[in-house]
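User: I have the sequence and the model open. Take me through it in short answers.

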Amino acid sequence: AYFNQMLSGDFETLYNALPQGVKEKTSVQAMQDDWNKESENVGGLPEKVSPTVSCYTPENSEQLRVEFVTHCENGDFKVLINYSADGKLYNYVIWQNANS
């Protein structure tokens, strides 16, 4: 749901659900700016976004990670949403892997 909300321009819902320590280091506008910058770096998101979604526990971690990867013209656009072992939202990451 968080990925789809951000895709539709609603960054406030994810921001409001983040732990206080993460909220103190970012803002709704910063989240949106990161999204825009990283998606532009890969040539923009396709009109009909259908990311590959995977869910796993990273090595040496008790967190659960949900990873959204969208293949774009110039690379992959990625959004990671991490949850703590008790199921609470932990943090998020937005970035791109540009084609070389």
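User: Is S50 buried or exposed?
Analyst: Relative accessible area decides: buried is under 20%, exposed is over 50%, and partly exposed lies in between, with a 1.4 Å probe and protein chains only. S50 has a relative accessible area of 62%. That is over 50%, so S50 counts as exposed.

User: What kind of model is this?
Analyst: Residues are numbered from 1 along each chain as its sequence is written, and side-chain values use heavy atoms, leaving out hydrogens and water. Local features need pLDDT of at least 70, side-chain atom pairs count only at pLDDT 80 or more, and totals for chains, interfaces and linings use all residues, since this is a predicted model.

User: In what order do the elements run from the N terminus?
Analyst: Helices (H or I, at least four residues) and strands (E, at least two) are DSSP runs, numbered from the N terminus. The protein has 4 helices and 4 strands. Their order is α-α-α-α-β-β-β-β.

User: Why is the protein called as compact as a globular protein of its length?
Analyst: The radius of gyration is taken over C-alpha atoms, and the globule rule is 2.2 Å times the number of residues to the power 0.38. For 100 residues the rule gives 13 Å, and the protein comes close to that, so it is as compact as a globular protein of that length, with a radius of gyration of 13 Å.

User: What percentage of the residues count as buried?
Analyst: The C-alpha atoms fill a box of roughly 35 × 30 × 25 Å along the principal axes. The protein has 100 residues, and the buried part is 34%.

User: Where does S50 sit, and how far is its C-alpha from that of F68?
Analyst: S50 lies in the loop between helix 4 (28-41) and strand 1. In sequence, S50 and F68 are 18 residues apart. Their C-alpha separation in space is 9.1 Å.

User: Which residue of strand 2 stands opposite S54?
Analyst: Two strands pair if DSSP finds at least two bridges between them. Strand 1 and strand 2 have 5 bridges, in the antiparallel sense. Opposite S54 is E67.

User: Which residues does C55 contact beyond its sequence neighbours?
Analyst: C55 belongs to strand 1. Contact means heavy atoms within 4.5 Å. Setting aside neighbours within four places in sequence, C55 touches L64, R65 and V66.

User: How far apart are the C-alpha atoms of C55 and M6?
Analyst: Along the chain, these two are 49 residues apart. Their C-alpha atoms are separated by 19 Å.

User: Is Q63 buried or exposed?
Analyst: Q63 is in the loop between strand 1 (52-56) and strand 2 (64-72). Beyond four places in sequence, Q63 touches Y56, T57, P58, N82, Y83 and Y90. Its relative accessibility is 17%, so Q63 counts as buried.

User: What is the phi of N60?
Analyst: N60 is in the loop between strand 1 and strand 2. It counts as exposed, at 77% relative accessibility. Most residues other than glycine have a negative phi. N60 is not a glycine, yet its phi is positive, at about 60°.

User: How many residues of strand 2 are buried?
Analyst: Strand 2 is mostly covered. It has 9 residues, and the buried ones number 7.

User: Which residue of strand 3 stands opposite F68?
Analyst: Strand 2 and strand 3 (residues 75-83) run antiparallel, joined by 9 bridges. They form a hairpin with 2 residues between them. Opposite F68 is V79.

User: Which residue in the turn between strand 3 and strand 4 has a positive phi?
Analyst: Strand 3 and strand 4 (residues 89-98) run antiparallel over 9 bridges. Y83 stands opposite L89 in strand 4. The hairpin has 5 residues between its strands. The residue with a positive phi, about 90°, is G87.

User: How far apart are the mean positions of the positive and negative charges?
Analyst: Lys and Arg count as positive, Asp and Glu as negative; His and the chain ends are not counted. Each charge is placed at NZ of Lys, CZ of Arg, CG of Asp or CD of Glu. With 7 positive and 14 negative charges, the mean positions are apart by 4 Å.
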